[in-house]
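I opened the notebook today to look up a handful of positions and one surface feature, and to write down what I found for each. The entries follow in the order in which I looked.

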Amino acid sequence: VQLVESGGEMVQPGGSLRLSCAASGFTFSGYDMSWVRQAPAKGPEWVSTIKTGSGTTIYADSVKGRFTISRDNAKGTLYLQMNSLKPEDTALYYCARVVLGGDYTIGYDYWGHGTQVTVSS
């Protein structure tokens, strides 16, 4: 299993970025996927999840209305469109494969190495 994130860079407040996560080594369409971020000196923060099948999306309150998660199962790629970026969005962004307990996320079994997003003027 391999997850490789890309698309992070430095952007000014109010700007936009699109992150990608290329997945390989497993049947991507069969798994819920998430984005998780970690800011300097802080613990990991869940950002968003997209479920397989229904394509239902869920967002943290801190990003709701600004970020959009999506997936292309044919390409095995997960995306995160980030708009109206704020300095507090600065973090290392990881994609992660979800481990389900019934219908609920109970953890993540594979992570990428992350892509850095810096929001600064």
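Before the first entry I note that a polar contact is a pair of N or O atoms within 3.5 Å, where within protein one must be able to donate a hydrogen and the other to accept it, and where residues adjacent in sequence count only if both atoms are side-chain atoms. This is a predicted model, in which local features need pLDDT of at least 70 and side-chain atom pairs count only at pLDDT 80 or more, while totals for chains, interfaces and linings use all residues. Residues are numbered from 1 along each chain as its sequence is written, and side-chain values use heavy atoms, with hydrogens and water left out.

I looked up Thr49 and found a polar contact of 2.8 Å between its side chain and that of Trp46. Thr49 sits in strand E5, residues 44–50; strands here are DSSP runs of E of at least two residues, numbered from the N terminus. I recorded Thr49 as buried because its relative accessibility is 4%, with buried meaning under 20% relative accessible area, exposed over 50% and partly exposed in between (1.4 Å probe, protein chains only). Setting aside residues up to four places away in sequence, I listed the contacts of Thr49 as Asp32, Met33, Ser34, Thr56, Thr57, Ile58, Ile69 and Val98, a contact being heavy atoms within 4.5 Å.

From there I went on to Val98, which lies in strand E9 and is buried at 5% relative accessibility.

**Entry: the disulfide**

How many disulfides does the structure hold? I found 1, taking a disulfide as a pair of cysteine sulfur atoms within 2.5 Å. The bond joins Cys21 to Cys95, with an S to S distance of 1.9 Å. The pair links distant parts of the chain, since Cys21 is in strand E3 (residues 17–24) and Cys95 is in strand E9 (residues 91–101), 74 residues apart. The torsion about the S-S bond is about 45 degrees, so I wrote the disulfide down as right-handed.

Both Cys21 and Cys95 are buried, and for Cys95 the relative accessibility is 0%. Not counting residues up to four places away in sequence, Cys95 touches several others, including Leu3, Trp35, Leu78, Tyr110 and Trp111.

**Entry: Tyr110**

Is Tyr110 buried or partly exposed? With a relative accessible area of 36%, Tyr110 is partly exposed, and I placed it in strand E10, residues 104–111. Leaving aside its neighbours within four places in sequence, Tyr110 is in contact with Val1, Leu3, Cys95, Ala96 and Arg97.

**Entry: positive phi**

I then checked backbone angles and found that Ala41 has a phi near 65 degrees, a positive value in a residue other than glycine. Ala41 lies in the loop between strand E4 (33–38) and E5, and it is exposed at 89% relative accessibility. Ser84, which is not a glycine either, has a positive phi of about 50 degrees. The place of Ser84 is the loop between strand E8 (77–82) and E9, where it is partly exposed at 43%.

Arg37 lies in strand E4 and is buried, with a relative accessible area of 5%. Its side chain makes a polar contact of 2.9 Å with the side chain of Asp89. Among the residues that Arg37 touches, not counting those up to four places away in sequence, I noted Glu45, Ser62, Phe67, Glu88 and Tyr93.

Key:
Helix = DSSP H or I, 4+ residues; strand = E, 2+ residues; numbered from the N terminus.
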